Amino acid sequence: LMQEKKKKGNLLVRFLGNEKYQFLTIPLFAILISLLVGAVVLLLLGKNPLDAYSFSESDSLLRPVNGDVVLKYSMDSTIYFESLNVYKCNPAISIAANVGDSVAVAADGIVQSVVDSEETKTTVTVGLGDGYEATYGLLDGVNVKSGDSVYKGQYLGTVAEPSAYYVKEGANLYFKLTKDGIPVNPMDYFE
């Protein structure tokens, strides 16, 4: 039985040990080493998959839901939040929708995070490239996770019941656009 095992041996050893194939030993070894070195270099460089995406002021966003804006973007002055009975700046817009309405991805990108928040419930942030990020809040049935690539028009989830922060405004989609972490008015980018 041992003799039979030795005869079969490791196929690679038998292949490389065969005099007919000795000339392949060094090139195969060199290829394996270069593949290994390439993989290590890529890991060390930390190539960011978001680098493959590009978004700029001249690009447009798909409106993620159809509906009227119930809370407008306003970083220069305060607006009234009826549910909170307070005036404050608003870095996002709130678009009226029905609970269960589908929410579409506004632009191609990579999901940066999926988190739960007291204010915006399930919230998805998508990196669009060049420092731009789109944040969708008050979601339910989200079908993406951090690191997923998404494309413009793709189903992202549905509109959830409003949180305590938005009860009087009714069901809506919280939508924020930032450039290098600074809020910008998404209305300026809609198609």
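Predicted model: local features only at pLDDT ≥ 70, side-chain atom pairs only at ≥ 80, totals over all residues.
A polar contact here is a pair of N or O atoms within 3.5 Å, and within protein one of them must be able to donate a hydrogen and the other to accept it.

**Around T123**

T123 sits in strand β7, which covers residues 121-129. Its side chain reaches the backbone oxygen of K121 at 3.0 Å, and there's also a side-chain to side-chain polar contact with T120 at 2.6 Å. With a relative accessible area of 6%, T123 is buried, because buried means under 20%. Setting aside neighbours within four places in sequence, T123 touches S113, V114, V115 and S117, plus T135, Y136 and G137.

**Aromatic rings**

Searching the whole structure turns up six aromatic pairs. One of them is Y132 with Y189, an edge-to-face pair with centres 6.0 Å apart and planes at 65°. That pair ties together distant parts of the chain: Y132 belongs to strand β8 (residues 132-140), while Y189 is in the segment after β12 (182-184), and 57 residues separate the two.

| Residue | Relative accessible area |
|---|---|
| T123 | 6% |
| Y132 | 4% |
| Y189 | 10% |

**A charge over a ring**

What sits over the ring of F81? It's the charged end of K88, 4.7 Å from the ring centre.

How values were computed: Residues numbered from 1 in each chain as written. Heavy atoms only, no water. Helix = DSSP H or I, 4+ residues; strand = E, 2+ residues; numbered from the N terminus. Buried < 20%, exposed > 50% of the residue type's maximum accessible area, 1.4 Å probe, protein only. Contact = heavy atoms within 4.5 Å. Phe/Tyr/Trp six-rings, centres within 6.5 Å; stacked < 30°, edge-to-face > 60°. Lys NZ or Arg CZ within 6 Å of the ring centre and 35° of its normal.
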